[in-house]
Amino acid sequence: MEIKEAVVALSALAQESRLAVFRLLVKAGDEGYAAGEIAKKLDISSATLSFHLKELAHAGLVNSRKDGRSIIYSLNPKGINCLMGFLIEDCCQGRPELCITTECCDKPPPGKQPPQSPDE
């Protein structure tokens, strides 16, 4: 992936509704969802959703397929892998622990509480 392609993909994800669609499709897996299901689950109008899906598809992050009268949207694994590869291409410098983690940000994993400070 080239930098311009990465910018397009990251720009597509840098919008609240598109990020919500992306995250919903991550959970859906290969099955995906019909556009109407996505609109209903995320409470987005069909016209607005169509615009967002077009942007995600243009960025190479989602695929679409016809199923009867419906269009089913799912993640494009190749697009996601290329973007992730681009993002971590040079970060590890021989130290994979810098790039691969089970914890994200400062949010504790589900079921775990953050450590208490001595003042609490």
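## How α1 meets α5

Let's start with two helices that cross. Helix α1 passes α5 in a left-handed crossing. On the α1 side, the contact is made by Ile3, Ala6, Ala9, Leu10 and Leu13, while α5 brings Leu83, Phe86 and Leu87. Sorted by class, this contact of α1 with α5 has 8 nonpolar residues, with no polar and no charged ones. Keep in mind as you look around that this is a predicted model.

How are the two helices angled? Their axes, those of α1 and α5, come within 10 Å and cross at roughly 110°. Angles of 65 to 115 degrees count as roughly perpendicular, and that makes α1 roughly perpendicular to α5.

## How α2 meets α3

A second pair to find is α2 and α3, the latter covering residues 35–42. The axes of α2 and α3 come within 11 Å and cross at roughly 115°, and these two helices are therefore roughly perpendicular to each other. Is the crossing of α2 and α3 left-handed or right-handed? It is right-handed.

To see where they touch, look in α2 for Ala20, Val21, Leu24 and Leu25, which meet Ile38, Lys41 and Leu42 of α3. By class, the contact of α2 with α3 divides into 6 nonpolar residues, no polar ones and 1 charged.

## The largest pocket

Now for the open spaces. The largest pocket has a volume of about 280 Å³. Its lining is made up of Leu13, Leu19, Phe22, Arg23, Val26, Lys27, Ile80, Leu83, Met84 and Leu87.

The largest share, 5 residues, comes from α2. Grouped by class, the lining of the largest pocket holds 8 nonpolar residues, no polar ones and 2 charged ones.

## The second largest pocket

The second largest pocket contains about 160 Å³ of space. Around this pocket you will find Met1, Glu5, Val8, His58, Ala59, Gly60, Asn76, Lys78, Gly79 and Cys82. Here α1 (3–13) and α5 each supply at least two lining residues, and the largest share, 3 residues, comes from α5.

What classes of residue line the second largest pocket? There are 4 nonpolar, 4 polar and 2 charged residues. For the largest pocket, by comparison, the lining has no polar residues.

Definitions and conventions. Residues numbered from 1 in each chain as written. Predicted model: local features only at pLDDT ≥ 70, side-chain atom pairs only at ≥ 80, totals over all residues. Heavy atoms only, no water. 1 Å grid on protein atoms, 1.4 Å probe; cavity = no way out; pocket = protein on both sides within 12 Å on 5 of 7 lines; lining within 4 Å. Points joined across faces, edges and corners; volume = space filled by probe spheres on them. Helix = DSSP H or I, 4+ residues; strand = E, 2+ residues; numbered from the N terminus. Nonpolar A, V, L, I, M, F, W, Y, C, P; charged D, E, K, R; others polar. Axes fitted to C-alpha atoms, helices over the stretch in contact; angles between N-to-C directions. Parallel < 35°, antiparallel > 145°, perpendicular 65-115°, else oblique. Left-handed = near helix turned anticlockwise from the far one by under 90°. Contact = heavy atoms within 4.5 Å.
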